[in-house]
Amino acid sequence: MNRSTGQPASATRRQFLKAAATGAAVFAIGFYLPFGRRARAQGVPQAVETPPPNLFLTIDADNNITLISKYLEMGQGVTTGLATLLAEELEADWSQMHFEFAPNDASVYNNLVFGPVMGTGGSTSMAGSWEQMRKVGAAARSMFVEAAARKWRLPMGELKAEKGHVLHGSGKRASYGELAADAMQLPVPRDAPLKDPADWKLIGKNLPRIDSPDKTDGRATFALDIRRPGTVTAAVAHPPLFGARPTGFDADAAKKLPGVLDAVQIPTGVAVLARDSWSALRGRDLLSVEWDNSNAETRSSEQILADYRRQAEGAGLPAANRGDAAAALGRATQKFSAEFTFPYLAHAPMEPLNCALEMKDGEAHLWAGSQLQSIDERVIAEIMGIGVDRVRIHTLLSGGSFGRRGNPVGDWVAELAQIVKASDSKAPVHLLWSREDDIRGGFYRPAVLHQLEVGLNDEGDISGWQHKVVTQSIFSGTPFEQMMVSDGVDHSSVEGLADTPYQIGDFSVRSFNAESPLPVLWWRSVGHNHTAHVVETTIDALAAMAGADPVEYRLKLLPDARDRETLKLAAGKSGWGGNPGENRGRGIACHRSFGTPVALVADVTVDGDAFQVDKIVAAVHCGVAINPDIVAAQVEGAIGFALSTLLRNEITLENGRVQQSNFHNYVPTRMREMPKVEVHIVPSTDAPTGIGEPGVPPLAPAVGNAIAAATGKRMYRLPFALA
Amino acid sequence: MITLKINGESHQLDADPQMPLLWAIRDHLNLTGTKYGCGRALCGACTVHIDGEAARSCSVMLGDAAGRDITTIEAIEGPVAEAVVGAWRELNVVQCGYCQSGQIMSAITLLSKNPDPSDEDIDASMEGNLCRCGTYQRIRAAIHRSARNLGGRS
């Protein structure tokens, strides 16, 4: 059984190099790779600039191979995927493989899709490491073979690598661990050949997850589980209104608790420091804080929506414009017009936000499920007044994220640094957010308003599509602004719509940036989680107006083979066209995000105002499925995750106050609500595309279209309201 | 001083008897396999066994847990526990894994009482264990697999 502690790599890069130089029983491979510019979250990094050396694996004398993962494991299976790529080219046995998380060093561990940034997200990990990890493995394998060839004085061509050993026909055999010290002295080959897909032994197989053993016996170490000697726990009283600031506080009652040590004011509230979690949480609740609400959000959700509607009467910014949508609409013989609304959503990962910070010998050590290490290190350095090179991030397993832990302003990490600075704590401080802090803490998926009008001609073909999107920009004002915002249009507000693969000749999308002190953030699949619902509900309605089959109607508009194959696979596997029975409906939706089309066929039962999703048949085209079982799991999970947003999840404000607080009024999907999910993968040897997020966007429209099939009622708001 | 009998050992704790058992387990005994998720018995991440029954440790006061037989994920043993953990691994159930200690503790209680649970039984019994990653389909399958491996029919 694989044994991986999930503990972060204890060594820094310098220490790795030092260990390598002293010839300790550690093999560290330095490797030169192309350093890509970003390729807008859709795919593979581009070539080629002067490359930095990378360090991605160690092998010990017992032949244990440890992957150094530059990506955060938040459940998506990235450590298993990376280890598979490495082991494949390395000719390692799966039982040898372990993992650790890489130290923060973007010069080595940058996300090749993001550019010079260390971070995980945008469903980029496998696409971004497909070449890199295999090349690292192939180079290492070649070095082990060469080391054995020199040792045995045999030609390299007579040796072969198999299951972590180098073998010769004479019976000579040496493990990689035995060869490590010699191999390490050899130059790194820059062009070791990659295997032919026909020779793959691990890629494409349902290998057991590398993190499964520790996650089933209590050993897995999440950030909340880190234990540093003398740690103090901090809990923060946050403002009841977004944008409010503390102006003073009274901690007398809190300080009477035996476990409470201190209370300090920070920009985001007032922190109580205590000997344990319970004392910190209790102490926090006993604080009395005065707030300056002068710049706070005080509107209610309905007012915000009304303001969105008013804003939509203006001109907005062009996000897509081809042909003449207005003229084509003028020629149309039928029209579909609609307004769709989406609420704020909390990510609510099962592990609430938390992290620990320790100042030691002029360095800041952070233990966190860090998703954007390049942001988190900068945030700490700025607040603590030290150089970025003095910040050491020990990345740990994270109990979910769905976008929340990758914050361009590093809010929770910054909050902890402010506490350490304000309290001048010499002890390590562990910041703990309660579930209430999490649900009420902002950085939500923004509320969104869509208004659109689409025309059809006599043949039922689209004749003009005019569309307005009002929402808060996620990327403006962040370090990623240049990547995602052009001429004021945040691509993430309109992605999946402005760049829809459907062929629409006369097409106009206008984007409106709403303003609020309420902070917003990417939420699993970002803009796609609302645009897919609007586009796919509309296409379904247009098919109905045209008297066409929804699958045939889509195929007529989709030129790309990947979309078409995916749609046809889902339709075929679901027995599309059959009658699902009384009070039941069947609906389809297809949406491409992060390079991956996903088509879902939903069967639902409607009972009055309630509905149950009985079954989902999914088809997905993600290029090569490195681990088909994990691909299936990500789609199953995405459906379970997204279902709660159809059923009931919404964050609502009343005079600026969040009305939800915990899992009794922000209830994730429960087991009895989980439909039977069947996942089919389009066979492919193309380079991999994303899979962590693409299962989310098509769920709402597939289920909504099924409800419409059963009742004739379209779902224009989320969560769905059948009444 | 409170005497806590946990995983077969007795511990003397100098702590507030009103402290939830969860925080005593995590902060005072450093058994971190039991997770904090909501603090209000709404998610099941903190599930432990008290006298053989699944219980939400975030909502049991330390004083009320004193003297009782408490087992955490780190010390589960016996054929049911082995079958459950084995099935969880065979079916690649986990994703982020944070809720899975609690899921496993609840599944062991279910199978200890009902060796051949139906889907309905599973839904009812596991209702209080949330999984944000949406691993429910595999949890259900793993419970059936465990039952089969234990000699039940499902």
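This is a predicted model: local features need pLDDT of at least 70, side-chain atom pairs count only at pLDDT 80 or more; totals for chains, interfaces and linings use all residues.
Chain A contains 20 helices and 30 strands. Its C-alpha atoms occupy a box of roughly 80 × 70 × 45 Å along the principal axes. The radius of gyration of chain A is 27 Å, which agrees with the value near 27 Å for a compact globule of 723 residues. Of the 723 residues in chain A, 59% are buried. Among the contacts of chain A with a separation of 6 or more, 77% link residues 24 or more positions apart.

One part of chain A is an open sheet of 7 strands, arranged in the order β11-β12-β9-β19-β16-β17-β18 with mixed pairing. Its edges are formed by β11 and β18 (391-395) of chain A, each of which pairs on one side only. On average, neighbouring strands of the sheet are turned by 25° against each other, direction ignored. Within the sheet, β9(A) and β19(A) are joined by 3 bridges and pair in the parallel sense. Ala234(A) is placed opposite Leu431(A) of β19(A).

Two helices of chain A lie across strands of this sheet. Helix α8(A) lies across β9, β11, β12 and β19 of chain A and runs at about 25° to β9(A). Helix α12 (residues 411-423) of chain A lies across β9, β11, β12, β16 (354-360), β17 (363-368) and β19 of chain A, and its direction makes an angle of about 115° with β11(A).

Helix α8 spans residues 277-285 of chain A and is mostly covered, with 8 of its 9 residues buried. The buried residues of α8(A) include Trp278(A) and Leu281(A), along with Arg282(A) and Arg284(A). Ser277(A), Ser279(A), Ala280(A) and Gly283(A) are also among the buried residues of this helix. The cover over the buried residues of α8(A) comes from elements of both chains: it includes β9 (232-237), α7 (252-255), β11 (260-266), β12 (269-274) and β19 (429-432) of chain A, together with α1 of chain B.

Strand β26 (residues 596-607) of chain A is mostly covered, as 9 of its 12 residues are buried. Strand β25 (residues 584-593) of chain A runs antiparallel to β26(A), and 10 bridges join the two. In this pairing, Ala589(A) is opposite Leu600(A) of β26(A). The hairpin of β25(A) and β26(A) has 2 residues between its strands, and Phe594(A) adopts a positive phi near 55° there. Strand β26(A) also pairs with β27 (residues 610-620) of chain A, in the antiparallel sense and over 10 bridges. Thr605(A) has Gln612(A) in β27(A) as its bridge partner. The strands β26(A) and β27(A) likewise form a hairpin with 2 residues between them, in whose turn Gly608(A) has a positive phi of about 65°.

Chain B is divided into domain 1 (2-75) and domain 2 (79-149). The centres of domain 1 and domain 2 of chain B, taken over C-alpha atoms, are separated by 21 Å. Their contact takes 14 residues from domain 1 of chain B and 11 residues from domain 2 of chain B. On the domain 1 side of this contact, β3 (47-50) and β4 (53-56) of chain B each supply at least two residues. Strand β3(B) gives the most to that side, with 3 residues. By class, the domain 1 side has 6 nonpolar, 6 polar and 2 charged residues.

The contact between the chains takes 43 residues from chain B and 47 residues from chain A. On the side of chain B that touches chain A, at least two residues each are supplied by α1 (21-28), α3 (79-90), α4 (100-113), α5 (119-126) and α6 (136-149) of chain B. The largest share of this side, 4 residues, comes from α6(B). The residues on the chain B side divide into 21 nonpolar, 14 polar and 8 charged. Helix α1 of chain B, one of the contributors to this side, is also part of what covers the buried residues of α8(A).

Technical notes. Residues are numbered from 1 along each chain as its sequence is written. Chains are lettered from A and ligands numbered from 1 in the order in which they are written. Domain bounds come from an automatic or database domain assignment. Two residues are in contact if their C-beta atoms, placed from the backbone, lie within 7 Å. Ala, Val, Leu, Ile, Met, Phe, Trp, Tyr, Cys and Pro count as nonpolar, Asp, Glu, Lys and Arg as charged, and the others, Gly among them, as polar. The radius of gyration is taken over C-alpha atoms; the globule rule is 2.2 Å times the number of residues to the power 0.38. A residue is buried if 20 or more other C-beta atoms lie within 10 Å of its own, exposed if 12 or fewer, and partly exposed in between; C-beta atoms are placed from the backbone. Two strands pair if DSSP finds at least two bridges between them. Axes are lines fitted to C-alpha atoms, for helices over the stretch in contact, and angles run from 0 to 180 degrees between N-to-C directions.
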